[in-house]
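Hi everyone, thanks for coming. I'd like to walk you through the confidence and the cavities of one model.

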Amino acid sequence: MKKHSAKLMAALFSLVLLVAVAGCGSQPAQEEAKPVEKAAGEILMASTIGPIDAGIVAALEDAFAEKTGILVRHVGAGTGEALKIGQSGNVDLVMVHAKALEEKFVAEGYGTKRIDLMYNDFVIMGPAEDPAQIKGLKSATEALQKIAQTQAHFVTRGDNSGTHVKEKEIWQAAGITPEGNWYEKFARGAEGNVPTLKYTDEKNAYTLIDRATYLTLKNDLKLQVLVEKDENLLNYITLIPVNPEKFPGVKHDLVMQFVDFATGKEGQTIIKEFGVDKYGEPLFFPNSEVGKNL
C-alpha cells in the first residue's frame with residue numbers, strides 16, 4: 001500500500017491538532033473535542049515523530065493493512081502533544097516514548113496500559129573539534145556537565161517531546177538547569193528530530209538525538225556521534241490503546257488486532273530487520289515478549 005507522509009497525515013488530522021492545541025488552555029482537551037469521523041475499518045493513531053520519519057510506522061501500517069484490510073492512519077506529534085491528542089478521544093491509539101508521561105496518561109484513565117513495542121537509543125552529537133571535550137565519555141550526565149561548564153552551544157527541541165523529556169532527565173541527573181545564550185531552544189523543535197538535527201548541524205552545535213534520525217541523515221552531516229551506549233540513553237517506544245471506557249467511540253477491537261500484530265512475530269520481525277539493508281544496521285530493536293526472543 002502507498003506509504004502515508006507526515007504532511008498528508010497532518011492535513012487529514014487538522015481537526016485533531018486543533019483539539020490538541022485547545023487542550024493546552026484552561027479547559028481539558030476532551031471537553032472541547034469534536035469527534036473525528038472514522039471509517040469502520042480504520043484506526044487513528046497519534047505517533048511520536050521519530051518513528052514516522054524513520055519509516056517504521058508506515059512499514060508496520062502497510063504490512064498490517066495488507067494482512068487484515070484494516071487501515072491505520074497516523075498523525076505525527078511530539079510525545080507530549082500526542083498524549084494530549086489521546087486525551088481528546090479523537091484517536092484510538094498512541095505510540096510514544098516518555099515513560100513518566102505515559103504512566104500519567106494511563107493512571108488518569110486516558111489509556112488502558114503501556115505495551116512494549118521497540119527501542120533504540122539516543123546519542124549526543126557535536127562538532128568534530130568538540131570544544132567541550134566530551135568525545136568517548138561513557139556517561140551522558142558527565143557529557144552534559146562539561147557542555148554546561150564550557151557553555152558550548154547546545155540545541156534543544158524544547159517541546160516536551162520524548163526526546164526533550166529524555167534530555168531534561170539527563171540534565172536533572174547532572175544537577176544542572178541549562179540556561180543562557182549557549183542553550184538554544186530550536187524554534188521549530190515541535191516539527192521533530194530531523195529538522196532539529198539539521199539545524200544543529202548548520203550551527204555546528206551539540207544536541208541529544210535518537211540514533212535512527214542520525215543514521216537516516218548521517219551522509220549529509222558534519223556533526224559526529226560523541227557520546228553513546230550509556231544505559232540512560234536507551235529510548236523505549238510503547239503503544240497505548242485509548243481507553244474505551246472513557247471514550248466509547250474508539251475502535252478498541254481493531255486497535256488490539258494491530259497491537260497483536262505489531263508485538264507478534266511478524267511485526268517484531270519487521271522491526272528487527274528494518275533499515276539493515278539500507279544502513280547496515282537496524283534502526284530499532286524489537287521489545288515485546290515475542291520480539292525479545294527473536
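The protein chain has an average pLDDT of 89, with 86% of the residues at 70 or above; pLDDT is the predictor's confidence in each residue, from 0 to 100. This is a predicted model, where local features need pLDDT of at least 70 and side-chain atom pairs 80 or more, while totals for chains, interfaces and linings use all residues. Residues are numbered from 1 along each chain as its sequence is written, and side-chain values use heavy atoms, without hydrogens and water.

Over residues 1–36, pLDDT stays under 50. Where pLDDT is low, the predicted coordinates should not be read in detail.

Now, how many cavities of 30 Å³ or more does the structure hold? There are 2. A cavity here is a set of points, on a 1 Å grid over the protein atoms alone, where a 1.4 Å probe fits but cannot get out, and lining residues have an atom within 4 Å of a point. Volume is the space filled by probe spheres set on the points, which are joined across faces, edges and corners.

The largest cavity comes to about 50 Å³. Its lining includes His97, Asp210 and Phe284, and helix H4 (49–54) and strand S9 (234–241) each give at least two residues. Helices are DSSP runs of H or I, at least four residues, and strands runs of E, at least two, numbered from the N terminus.

The second largest cavity has about 30 Å³. Among its lining residues are Arg157, His164 and Glu167. Which helix gives the largest share of that lining? That's H9, with 3 residues.

Note on methods:
Contact means heavy atoms within 4.5 Å. On a 1 Å grid over the protein atoms alone, a cavity is a set of points where a 1.4 Å probe fits but cannot get out, and a pocket is an open set with protein on both sides within 12 Å along at least five of seven lines; lining residues have an atom within 4 Å of a point.
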